[in-house]
Amino acid sequence: VAIQRAQRSDLSKDKVERLESLGFVWDPLEAYWEHNFRLLETFRFDEGHCMVPSTYVTNDGVKLGSWVYSQRKAYMAVKQGWASSMEDESRRHGARVPWSRLNNEAPLQPSM
């Protein structure tokens, strides 16, 4: 599978379409991030905020609290000028994640 991902440009259009018809994921790290982001959106909708407890685990076993912690840690690294894997700042602000746990903003209302 890793070879298929690495050689995507070498694949014919037909092979690419066949793989994609199966739901093939070209960038599993991005897919993982997107999945967790959707879980965070659900948490925010249900709870009205993004202050996910560090020990929080979703019903399907995803350690969302740990993921949120790692996003905050990556954000702080960027803020301090360190390299980070965080890419799309608009997504972070779209979920209205309070990056500092000391942030005293009022709980956010779900937007529908």
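The following conversation concerns a predicted model of a protein.

Student: How many helices and strands does the protein have?
Tutor: The protein has five helices and zero strands. Read along the sequence, the pattern is α-α-α-α-α.

Student: And what share of the residues is buried?
Tutor: Of the 112 residues, 29% count as buried. The accessible surface comes to about 8200 Å², and carbon and sulfur atoms account for 53% of that surface.

Student: Which residues make up the largest nonpolar core?
Tutor: That core has eleven residues: Trp-33, Phe-37, Leu-39, Leu-40, Phe-43, Cys-50, Val-52, Val-62, Leu-64, Trp-67 and Val-68. Helix 3 and helix 4 each supply at least two residues of this core.

Student: Which helix gives the most to this core?
Tutor: Helix 3 does, with five residues.

Student: What lies apart from this core?
Tutor: There is another core, of five residues, including Leu-11, Leu-19, Phe-24 and Trp-26.

Student: Changing topic, where is Asp-60?
Tutor: Asp-60 sits in the loop between helix 3 (28-47) and helix 4 (64-79).

Student: Is Asp-60 buried or exposed, and why?
Tutor: Asp-60 is exposed because its relative accessible area is 55%, and the cut-off for exposed is over 50%.

Student: Which side chain does Asp-60 join in a polar contact?
Tutor: The side chain of Asp-60 is joined to that of Thr-58 by a polar contact of 2.4 Å.

Student: Last one: what share of contacts joins residues at least 24 apart?
Tutor: Among contacts between residues at least 6 apart in sequence, the share is 46%.

Conventions. Residues numbered from 1 in each chain as written. Predicted model: local features only at pLDDT ≥ 70, side-chain atom pairs only at ≥ 80, totals over all residues. Heavy atoms only, no water. Helix = DSSP H or I, 4+ residues; strand = E, 2+ residues; numbered from the N terminus. Buried < 20%, exposed > 50% of the residue type's maximum accessible area, 1.4 Å probe, protein only. Contact = heavy atoms within 4.5 Å. Areas by Shrake-Rupley, 256 points an atom, 1.4 Å probe, with all protein chains shown as cover. Polar contact = N/O pair within 3.5 Å; in protein donor to acceptor, adjacent residues only side chain to side chain. Core = buried A, V, L, I, M, F, W, Y, C linked by side-chain atoms within 4.5 Å.
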